[in-house]
Amino acid sequence: MIRGKFITLEGVDGAGKSTHIRFIKDYFESRSISYILTREPGGTDVGENIREILLRDEMGPITESLLMFAARNEHIASLIRPNLEKGIAVISDRFTDASLAYQHGGKGVPKELINHLKGMVQAELEPDLTILFDLPVEVSLERLNNTRVLDRFEMQGYDFHQRVRDTYLQLAMENKSRFYIIDSTKNITDIQNEIITIMDKALS
Ligand code: TYD
C-alpha cells in the first residue's frame, strides 16, 4: 500500500487560506482522489474542544503551545496516520509550522521546546508538501479588519503578525524541498492555476 500524501496549508491570518481550501477540495473531488480535509488546532472531538479554549481564553504562551501539541498528538494518532496508511491523502489546514510561526516566532516560546514537542508527537512524520500563503502584514491586517470578527490570535498587533510572517518565510527557506510559497497578492485565477500545477506535481 502506498502511503497517502500529507499536505499542509499555512499562512498569516487573512491570506485567503479558506477560499483556496475550497478550491483544493474541488481539485481532489474532480479527480476522484481519496482525501480528507482537516484542520489544526482541531480535527478530532478532543482537538475541536481544545481549539475552542485556545481561540477564546487568555493563557501563557507555553500553555498555549502544550495545548496545540495535545490537540496535534490526538490528531496524528487518530486521524492523520490511519488515513495516510490507508493510502488516503490528508490535507491539513495548518500543522506544526504554525506552532513555530505563532508560538515561537510570534510569542517567543523557545524553538527547542517546540521542536522537542514536535519530535514527541510526530517522530518521522513530515508533510510531503506545505503551501505557504504569503501576504505583507499591512495587507493581511486590512483584509482581516474588513471581513470578520477577530479571534484571539487575529487581534494581535502588527509586530506580532510581522514576526509570524518572517518565521514562516524562514521555515520555507530552511525546508525548500517541501515548501511552496504562494504570493497571495496575486489575483485568484493566477493563484488557482499555481495550485493546480503544485498539486499535479505533488500527486504524480
Ligand atoms: P485558522 O485555521 O487560521 O483559523 P480561522 O481561519 O478559522 O481563523 O487558525 C486559528 C488560529 O490558530 C490562527 O490564528 C493560528 C493559530 N495557531 C497557532 O497559533 N499555533 C498552531 O500551532 C496552530 C495550528 C494554529
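Q: How many cavities of 30 Å³ or more does the count give?
A: Rolling a probe the size of a water molecule over the atoms shows where empty space is left. Here the count comes to one cavity of 30 Å³ or more (a set of points on a 1 Å grid over the protein atoms alone, where a 1.4 Å probe fits but cannot get out). This is a predicted model, where local features need pLDDT of at least 70 and side-chain atom pairs pLDDT 80 or more, while totals for chains, interfaces and linings use all residues. Residues are numbered from 1 along each chain, and side-chain values use heavy atoms, without hydrogens or water.

Q: Which residues line the largest cavity?
A: F95, T96, D97, K118, Q122, E126, P127 and R178 do (each has an atom within 4 Å of a point). By class, this lining has two nonpolar, two polar and four charged residues. The volume of the largest cavity is about 30 Å³.

Q: Where does the ligand sit?
A: You'll find the ligand in the largest pocket (an open set with protein on both sides within 12 Å along at least five of seven lines; sitting there takes more than half of the ligand's atoms within 2 Å of its grid points).

Q: What surrounds the ligand?
A: Look for 18 residues (a heavy atom within 4 Å), the closest being D13, R72, R94, S99 and Q103. This shell has six nonpolar, two polar and 10 charged residues. The helix α4 gives the most, with four residues.

Q: Which side-chain atom of Q103 is 2.8 Å from a ligand nitrogen?
A: An N or O atom of the Q103 side chain is. For R72, a side-chain N or O atom is 3.0 Å from a ligand oxygen.

Key:
A polar contact is a pair of N or O atoms within 3.5 Å; within protein, one must be able to donate a hydrogen and the other to accept it, and residues adjacent in sequence count only if both atoms are side-chain atoms. Helices (H or I, at least four residues) and strands (E, at least two) are DSSP runs, numbered from the N terminus. Ala, Val, Leu, Ile, Met, Phe, Trp, Tyr, Cys and Pro count as nonpolar, Asp, Glu, Lys and Arg as charged, and the others, Gly among them, as polar. Grid points are joined across faces, edges and corners, and a volume is the space filled by probe spheres set on the points.
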